[in-house]
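Please open the structure in your viewer and keep the selection tool ready.

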Amino acid sequence: MLTSGGVGLRNAGRSDEAVEWFTEAVRGAREDGDRKAEAQALHGLGQSHLLAGRLDRATAYLTEALALREAIGYRRGAAMTRICLGDAALAAGRPGQALAPFAEARAALVAVADPYDAARALAFLGLALARAGARHTTGEDAETVLRQALDEFVATGSVHWQGRVLEMLGETAALRGDPAAARELYERSLARYAPVSESDATRLRARLAGTDPLP
């Protein structure tokens with residue numbers, strides 16, 4: 001219940017309160033010897049600190065959660081924690097460090113037949129490749145990876161994530177010095193966001209109204 005409450009608080013943007021709940025959940029899980037619950041609470045702590053911008057603390061808790069999830073053989077959970085670790089590296093401006101966590105998460109989620117989260121990992125990998133100016137180990141560039149992720153989200157029917165990937169493709173175009181292509185992709189992203197996420201739509205409208213095509 002503490003972990004579920006922490007998730008609700010975190011999703012409501014109440015990060016500090018979520019940290020309190022997840023901290024109590026960690027304490028209880030350790031007292032009970034429930035390693036899976038402990039890992040879940042540590043993961044929640046990491047996500048909450050990430051949301052609050054406390055990147056070092058987020059990384060520390062997520063690393064601890066990952067080690068525990070790997071130790072108990074919770075493969076999907078470990079992959080989800082890797083996505084968060086990659087997200088923390090991106091937020092810290094270290095896209096090169098995000099490549100391995102995203103790639104490993106992608107492979108694991110494909111293996112456990114989780115197409116939605118596998119597509120999320122692939123999308124984040126594409127964004128990290130774009131920001132790092134790198135190619136995937138398979139030789140694919142960021143745009144190719146992102147377009148594959150977009151196809152997968154079309155197949156799963158996730159309109160919101162179609163919007164997110166189109167936004168990532170817009171950033172990729174901007175990074176390669178093509179503001180016209182970036183604007184066209186942001187407009188396509190906005191069309192996906194508008195019916196499902198007002199906050200994302202508002203953010204894209206503000207970006208399109210400005211002069212800087214990057215976040």
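Begin by selecting α9, which contributes five residues to the lining of the second largest pocket, the most of any element. Helices such as this one are DSSP runs (H or I, at least four residues), numbered from the N terminus. The model is predicted, so local features need pLDDT of at least 70 and side-chain atom pairs pLDDT 80 or more, while totals for chains, interfaces and linings use all residues. Residues are numbered from 1 along each chain as its sequence is written, and side-chain values use heavy atoms, without hydrogens and water.

Next, select Leu127, Arg131, Arg164, Glu167 and Met168, which lie nearest the centre of this second pocket among its 16 lining residues. A pocket is an open set of points on a 1 Å grid over the protein atoms alone, where a 1.4 Å probe fits, with protein on both sides within 12 Å along at least five of seven lines; lining residues have an atom within 4 Å of a point. The space in the second largest pocket is about 340 Å³, a volume being the space filled by probe spheres set on the points.

Now move to the largest pocket, which holds about 450 Å³. Among its 13 lining residues, Arg10, Gln47, Leu50, Leu51 and Asp87 are the closest to its centre. Here α5 gives the most to the lining, with four residues.

Finally, select α5 (residues 75-91) and α6 (residues 95-111), which pack at about 160° with axes 8 Å apart. Therefore α5 is roughly antiparallel to α6 (angles over 145 degrees, on a scale from 0 to 180 between N-to-C directions, count as such).

Key: Helix = DSSP H or I, 4+ residues; strand = E, 2+ residues; numbered from the N terminus. Parallel < 35°, antiparallel > 145°, perpendicular 65-115°, else oblique.
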